[in-house]
Amino acid sequence: MSADPLHRAGTPSRQPAGPPPGGPSEEAIEIRRSPRRRRTVSAYREGDRTVVLIPARMSEAEERRWVGVMLDKLAAQESRRVIGDAELAERAERLSAQYFGGRARPRSVRWVTNQNTRWGSCTPSEGSIRLSHRLQGMPEYVVDYVLLHELAHLLVPGHGPRFWRLLEAYPRTERARGYLEGVAADTPSSVAGTPAP
């Protein structure tokens, strides 16, 4: 397992909208062709996959182009959606129920502006989880991964094998880690390699 990208966050930076490193091939995409659809293309998220609706007559090359366009549009929409602390806590509760059987129960989950060398932190003795405000605007699956990472620390404090086995339940773990590593690599080297306090 490579070094944890949560502890190499670097300096604040906004990423352009678009698919994360690795491209759309890493994402579950379902193409639905319709003979009734003439010119419009639309897309939406359905659980862990993206559904793209296209006209039946569209060529494979047009299909590939439109899938890329629609993934960019969805990412842009998601990046504009900022959730507050209450919604973040609800999201953590939902993720704990879905992936950890509800065993990870934080007492508080909130955004903070003082974390410049890590994406999130957890204090198991207090049951508190803090996420860096720099995650706001990143794709939802990345925020979910960071939340799950910190929730897992409520169950297993360190980064040993038991900890990583917990995170294997989340199907987008590697993709989210790749995204965060890409963001960290895009920061100045003097800060990107700074270990977390």
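So, how are helix 3 and helix 5 oriented to each other? Bear in mind that this is a predicted model, where local features need pLDDT of at least 70, side-chain atom pairs count only at pLDDT 80 or more, and totals for chains, interfaces and linings use all residues. Residues are numbered from 1 along each chain as its sequence is written, and side-chain values use heavy atoms, with hydrogens and water left out.

Okay, the helices. These are DSSP runs of H or I with at least four residues, strands are E runs of at least two, and numbering starts at the N terminus. The axes of helix 3 (residues 140–155) and helix 5 (residues 173–185) come within 9 Å and cross at roughly 100°. Axes are lines fitted to C-alpha atoms, for helices over the stretch in contact, and angles run from 0 to 180 degrees between N-to-C directions. Helix 3 and helix 5 are therefore roughly perpendicular, the label for 65 to 115 degrees.

Who touches whom? From helix 3, Tyr141, Val142, Tyr145 and Val146 meet a helix 5 group including Arg175, Tyr179 and Leu180, with contact meaning heavy atoms within 4.5 Å.

Helix 3 is also mostly covered, with 13 of its 16 residues buried, that is, under 20% relative accessible area with a 1.4 Å probe, protein chains only.

Now the sheet. Three strands make an open, mixed sheet in the order 4-6-5; strands pair if DSSP finds at least two bridges between them. Strand 4 and strand 6 run parallel, joined by five bridges, and Trp111 has Leu131 in strand 6 as its bridge partner. Helix 3 packs on this sheet too, touching strand 4, strand 5 and strand 6.

How values were computed: Parallel < 35°, antiparallel > 145°, perpendicular 65-115°, else oblique. Buried < 20%, exposed > 50% of the residue type's maximum accessible area, 1.4 Å probe, protein only.
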